[in-house]
Amino acid sequence: MTFYPALRRFLCVSTCLSLPGLAVAQDFMMLDDILVRANLEATDPDRSGSTVHVATGEDLATAPYTRLGAALAQMPGLSFKSNGPAGTASTITLRGAPAQYVPVLLDGIEMGDPAAGKGDFDFGTLGVAGIDRVEVLTGAQSALYGSNAVGGVINLTSFRAQELGTAQRFAVEYGSYATQKISYAYAAKTERGEVSVTLSHLSSNGFSAKEENDGNFEPDGFRANRIGFFGQYQVTDAVTVGLNGFFEDSRGENDVWSGDTAANIGQDYTDRRATGLRAFTEITAGAFDHKIEASYYRSDRQSYSYGATAPSDFDGKRVKLSYTGAADLGASARVIFGADRKRESVEGEGSVTTLGVFSELNWAVSDRADLSATLRHDDHETYGGFTSARLSGVYRLQEDLLLRASLGNGFRAPSLYELYGPYGDAAMAVEKSTSAELGVEKRWGEAASLRATAFWLEAKNLIGFDYAATSCGQAFGCYAQVPGTTRRSGLELEAEAAVTERLTLKGNYTYIQSAGTGMAANAWAGVARHDLNLSAEMALTPDWTGLLTVERVIDRPGTLANYTVANAGVRYDFGAGKQAYLHIENLFDEEYQTISGYGASDRAVYVGFRAQF
């Protein structure tokens, strides 16, 4: 299979979707009565100038993937890279921007590891259990989220009751590599408050992290236990208080760079304890709405590699305080304003504090047009001030035909490891970026949807590892500023249609062009030029449903080969919210790598049961 026939087939499907009169299913990205975090306050998707990709809990539960990162990679613009099986280092890139430029938040808690080399979030330990919604906000978002939000933001929401009363979820799964998953969630909601708790366990014997075809033979296993909770209570008609958080304990085996030998079997591992807490108060006082938040995140990792005298300890913490106020300016405009303070610290590597102030104006220019302008200033105790801005707008040519545009700049301050770690350099400067996107979306009632988005991102002052640098005192290199400019530009296409009442087709295609000058041309994580995702879901009988997904990745960086991976699944609906299912990952047993030298799963079969009541 080559790229061009696949592209022709995809464009054919997209063209067919534009024909009126098709009996098609509703686009999962544009559900009724939902709000997205495209601005400082939740926003109707039709009034947002920024592109937002959404996956619901049902999307994640029925997708034939055991890992959250792999499921998210089926969205346009997202790529999942992993150093082996579950539990090994894994990241998400967005439109070619590496993980350190894509902050991840869970129920308002920033999840990036302050002790990690780049400060990014590791998707290696996170499954789909307890995640009820994912929103991917694209483009530079530093004006909303501060440092690091250069490529976009991923917002995760945990399971909560949607209606008054109680709701429960239970799921159990077993499959290849002796993988076991079990989870239970409980949620209750009253007129004045709500509470939810999620418990989950995942364990697997895994496969070799280093490529088995290169002679590596030791399976690298993983186990994780996680608890999450959310609660809020309306104390008075004007005051609501809340508390949410999570705790995760995990151990993941991995392989050192040299691979498996008889001497180091089971010697390479990482133990991790991650804790997140957030308390908030919402107050309505006259014409103003107020929100006060305090959040805490800690990642405590102990990593051991064969030959070391003792495990290496990486203990990072983040404490954030914030205030947000909002008020209506007449019937057509609303202003949001506030301030925050974030302190990150790493044991043995110091700490850094950033103060931020921000404001946003959301203006309904007419019944067809909406504009949003956001301005933020951050004062970093090492680098001083940086001002970021974003302007976005949407114009509804018709109720079902939308034009979107956004323009913004962003920045990333060096991580504590890049500054003060053994290979760090405290003299490095802030990375700076500018991004823009322009999109069009067409819908046919609840029948069909088609969306195209062109995007552009330029970054300067990138931080990379220079083997010739000597400022850190190491013999074989240091972190250093990379001269030159790097760019990512491209196009996203998305479409969905129910060809018949029983068959629904979805597809998306991402084209990414990389360019740059000097060393910066190769400074960012390599990304494929073409990424095509197709899926078909069919009601085989009133009770049986089948699903097939295919991903084709072409023109990859370096020596990485192109690949095509298919996943399949079938589920049986018992009614009353109960389902049994079977899914197969890597249906045709494709040999491929997402990171050079590290393996991916062979064909793997999983069976499970889930219930909601």
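Lining the largest cavity are five nonpolar, six polar and six charged residues; here Ala, Val, Leu, Ile, Met, Phe, Trp, Tyr, Cys and Pro count as nonpolar, Asp, Glu, Lys and Arg as charged, and the others, Gly among them, as polar. This is a predicted model, in which local features need pLDDT of at least 70 and side-chain atom pairs count only at pLDDT 80 or more, while totals for chains, interfaces and linings use all residues. Residues are numbered from 1 along each chain as its sequence is written, and side-chain values use heavy atoms, with hydrogens and water left out.

A cavity is a set of points, on a 1 Å grid over the protein atoms alone, where a 1.4 Å probe fits but cannot get out, and its lining residues have an atom within 4 Å of a point. Grid points are joined across faces, edges and corners, and a volume is the space filled by probe spheres set on the points. The count comes to 10 cavities of 30 Å³ or more.

| Cavity | Volume | Lining | Nearest the centre |
|---|---|---|---|
| Largest | About 230 Å³ | 17 residues | Ser147, Asn148, Glu344, Ala413 and Pro414 |

Strands (DSSP runs of E, at least two residues) and helices (H or I, at least four) are numbered from the N terminus. For the largest cavity, β16 (333-346) and β17 (350-364) each supply at least two lining residues.

Now for the rings. Those of Phe, Tyr and Trp (its six-membered ring) pair if their centres lie within 6.5 Å, with planes under 30 degrees apart called stacked, over 60 edge-to-face and the rest tilted. The whole structure holds 17 aromatic pairs. One of them joins Tyr423 and Phe465 edge-to-face, at 6.0 Å centre to centre and 70° between the planes. Tyr423 lies in the loop between α5 (416-420) and β21 (431-444) and Phe465 in strand β23 (residues 463-466), so the pair ties together parts 42 residues apart in sequence. Ring pairs also link Tyr417, Tyr423, Phe465, Tyr467, Phe476 and Tyr479 into a cluster.

Technical notes:
1 Å grid on protein atoms, 1.4 Å probe; cavity = no way out; pocket = protein on both sides within 12 Å on 5 of 7 lines; lining within 4 Å.
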